[in-house]
Amino acid sequence: MAKDKRSPEEHSIDPAAQQMLIRAEQLGLGTAFSRADDMAPCNIGSAGMCCKMCGMGPCRLTKDGQTGVCGATIDTIQARNLTRAIAAGAAAHSDHGRDMAFLLKAVANNEAEGYAIRDVAKLRTVAAHYHIYTENRSPQDIAKDLAELYISQFGQQHGQVAPIIRAPEKRQQLWKKRGVVPRGIDREVVEALHRTHIGDDQNAEHILEHAIRTALADGWGGSMMATDISDILFGTPAPLLGQANLGVLKKDMVNVVVHGHEPSLSEMIVAASQDPEIIAYARAAGANGVNLSGICCTANEILMRQGIPAAGNFLHQELAILTGAVEAMVVDVQCIMQALVGLAQNFHTRIITTSPKVQIKGALHIEFDEHKALTVAKQILKAAIDNFKNRGETHIPDVREDLIPGFSHEYINYMLGGTYRASFRPLNDAIMTGRIRGVAAIVGCNNPRSSQDYLHTKVVRELLRQDVLIVQTGCGAIASAKLGLLLGEAGLDQVGPGLREVCETVGIPPVLHMGSCVDNSRILTVLTQMVEEGGLGDDIDQIPAVGLAPEWMSEKALAIGTYCVASGAYVIFGGSSPVSGMPDRVADSDIVARYISEGWEKAYGGKLEFVPDPDEMIRRTLAHIDKKRAALGLPAYDPTRFGRSGDARMLELEKLPLAERQAALYGMSNR
Ligand code: SF4
Ligand code: MSK
């Protein structure tokens, strides 16, 4: 047993997770939490000071002035490692985008069983960005052209990836001037691997410029395309009621948990689960139907469009199996732990892999094929239903929270301005007056090296108190959902006075769930629309906004952070830094850490920093927001000016005697 073994309360702040961790202990089963306790990270590798790019190494640079066998210096090694991680993250997101583009093409050609174009308006809007002719053309014809255009972006060799034109004009010019406009998605990823091979690019800053270009190919390329197509095929999200946490599993039903990232199969599983044939099949097996729920970003995709509940975020994948109530966990791509199969062998749960790219030894593989997706979905559900009879004892924590997800940028635009004057004007105005101090995007993963959900929710709660409007995606969004922060009125007592007024007036929660990992591209779109609306400068780097990934763990998070920096945002990661070096022991081992902060800020107006302490994350966030407010000439943040309007204040005033109410209402100004 590890010396520093943590208790369930230290592993997670989520009561459902704590219950399941106690159960794991009782059963003598390991999870990512216990494995993290048992395995200390390598302090040289985690600081970015180890190179294993060739067979002369691995080289570990732990002394002043030391180089690798080839002569590589510490900054070159760190820049290479970071760039490779960013390229892997960009590849994962973008390959997801590629599959979506092929699906769109198949749907347009009537070759994809069960799918349809659900949001024709979005199809037309997206097509119009690229001057695809839309007048008097069928959605199928437009979709064919859009699919061809998007597919061509992967193998394109010259020019620029198409969605780049959706960035603010000034930002596009900056990227052109610095030579970082991505030419083609695959080209930038391949070049990142080439440049970081032994004996190639040996100038850290030059390597990192290509990291920027590769990340841009993700954010303003593959991810943006994935989001567009998901909305076109499955509907652009709008608010609806959902639930989150393990308590969404049902004792009397066949529980199927979909996990991973791609909505293509999971949307079809949603449809199949409501099919009378499948319901009858489940009833014949003694169950009350099929209960679908999600984990990770597949969860976010079907939660925000269909209201299918989320069983949890990244660190809940093993905990769901520990309930003993899951007949099948159906996985597609990304963030799927190999430990699932071994753990599932202690229960009746079947792990079903579905992607041609992802197989796990010991799992049942039922391959997804978009040409017969509904058939495959039914086959998967029948396998789960057949497994219901094997269920043993169950322990489902009675813990779940309601939430309102589905804040696409289109919906934010609509909710602020209404049907006839959809606009970001009210948001910009609220920031300009100081009612909203600024905006924070709090995104990214869970990491068992910290307490699950603690950093996410600590930062969210404090920034809300400080009148910062929060947008969330990915596992961060599910963390807040589980703790009840994604509800309208329910969370407003924890919110600063100005933000509360805005939320009550517009009728929104103070934390807006914007989707999955690839949907961080929606945040780029929101920032661009805020620039275009006017009053907050003429580029993204002038907006009082910060991006945070408090519990990051995946390479995709590094790609997201980097494209946000390149777009002008200050980005703060919690946890450990992959480029921290050990400046107290090895001089200059923090060259790259300094460059991606100060150097990138000078070049792009955005910077990337790794800050383990949540109080310091909050302090830096607020300081940055206030600095940007001052640079725009906006009034300094002053919460005492607000809180005298809004529903809650009116209800309070109603309780007062008339004279006092009048004095409160008319005796003081509410600027
Ligand atoms: Fe060592 Fe150079 Fe090979 Fe890296 S590339 S492992 S530093 S010899
Ligand atoms: S699933 S990348 S753990 S957010 Fe998108 Fe969650 Fe991070 Fe995977």
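I began with the domain assignment, an automatic or database one, which gives domain 1 (8-60), domain 2 (74-234), domain 3 (242-390) and domain 4 (404-574 + 611-639). I noted that this is a predicted model, in which local features need pLDDT of at least 70 and side-chain atom pairs count only at pLDDT 80 or more, while totals for chains, interfaces and linings use all residues. Residues are numbered from 1 along each chain as its sequence is written, and side-chain values use heavy atoms, with hydrogens and water left out.

I then looked up how domain 2 and domain 4 meet: their centres, taken over C-alpha atoms, are 24 Å apart, and 28 residues of domain 2 are in contact with 27 residues of domain 4 (heavy atoms within 4.5 Å). The area buried between domain 2 and domain 4 is about 2100 Å², with 64% of it from carbon and sulfur atoms; this is the accessible area (1.4 Å probe) that the two parts lose on being put together, summed over both.

Next I checked for charged pairs, and the rule finds 5 salt bridges across the interface of domain 2 and domain 4 (a side-chain nitrogen of Lys or Arg within 4 Å of a carboxyl oxygen of Asp or Glu). I also looked up K170 and D538, whose side chains meet in a salt bridge at 3.2 Å, N to O.

Finally I turned to the side of domain 2 that touches domain 4, to which α4 (74-108), α7 (169-178) and α9 (204-234) each supply at least two residues (helices are DSSP runs of H or I, at least four residues, numbered from the N terminus). The largest share of that side, 12 residues, comes from α9.

Key:
Chains are lettered from A and ligands numbered from 1 in the order in which they are written.
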